[in-house]
Amino acid sequence: MSSCPTGGCFPTKTIGHLMTQVSASNQAPQRHPRMTDVCLVAHDIEKSARFYTEKLGFKLRSRMPGFADFEGPGVILALWEGPHLEENTGVPGRDPRGTGRSVMLACELESPAAVDRTYAEYRARGVEFYSEPKDFPWNARCAYFDGPNGEFWEFFAWYEGGEPGIASDNNHDEKRNR
């Protein structure tokens, strides 16, 4: 398992709820919290729960006032109702700056053909995409749609050759091919 956002870097090991990045140099290992959940602030939690279960196929895992979470492949998707979040944690449920989008959830599929199949399947469930899947200059086939809470989603797959532009450092030159 890797703790680097781009995937390759150094091997890691989990110690409790923290991951330790094993360094290839003589430096002390870096410790990083292990990400387990993606949490979105919901404007309408009932509508959101229906979208994630009925249209995207997530399985409801737990439900409490102002909160729901779902089992999905590889991660737990959680929803906090904005006012409930603020009331219980003191964290504002809305960005006071009123800025544009700040969250995209990307799902890597096994092939460009799988993007087309998944697009057709989700479209049949009522998901409205921005367009049909397209090939992009970054060597991927992608399709995009909105979620009910201001986030947007990407289904993507790399073409042969994998992901371009992978950064490397002196300790690790192996490119990641998803």
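This is a predicted model: local features need pLDDT of at least 70, side-chain atom pairs count only at pLDDT 80 or more; totals for chains, interfaces and linings use all residues.
1. In which sense do E4 and E7 pair, and over how many bridges? These two strands run in the parallel sense, with six bridges between them. Strands (E, at least two residues) and helices (H or I, at least four) are DSSP runs numbered from the N terminus, and two strands count as paired if DSSP finds at least two bridges between them.

2. Residues are numbered from 1 along each chain as its sequence is written, and side-chain values use heavy atoms, leaving out hydrogens and water.

3. E7 also pairs with E6, here in the antiparallel sense and over six bridges. Phe-70 stands opposite Leu-77 in E7. The hairpin of E6 and E7 has two residues between the strands, and Gly-74 takes a positive phi near 90° there.

4. Have a look at Phe-67, which lies in strand E6. Phe-67 is buried, with a relative accessible area of 13%; buried means under 20%, exposed over 50% and partly exposed in between, using a 1.4 Å probe and protein chains only. Leaving aside residues up to four places away in sequence, Phe-67 touches Ile-45, Ser-62, Ala-78, Leu-79 and Trp-80, where contact means heavy atoms within 4.5 Å. Phe-67 and Ile-45 are 22 residues apart in sequence, yet 7.5 Å apart in space, C-alpha to C-alpha.

5. Now for the largest nonpolar core, which has 25 residues. Such a core is a set of buried Ala, Val, Leu, Ile, Met, Phe, Trp, Tyr and Cys residues joined through side-chain atoms within 4.5 Å. Tyr-52, Leu-56, Phe-129, Phe-145 and Trp-153 touch the most other members. Among the elements that give two or more residues to this core are helix H1 (45-55), helix H3 (112-124) and strand E10 (140-146). A second, separate core of five residues includes Ala-140, Cys-142, Tyr-144 and Phe-156.

6. Finally, which residues of H3 are buried? They are Pro-112, Ala-114, Val-115, Thr-118, Tyr-119 and Tyr-122. These residues cover an arc of only 140° around the axis, so they sit on the same side of H3; the arc is that of the directions from the helix axis to the C-beta atoms. The buried residues of H3 pack against H1, E10 and E11.
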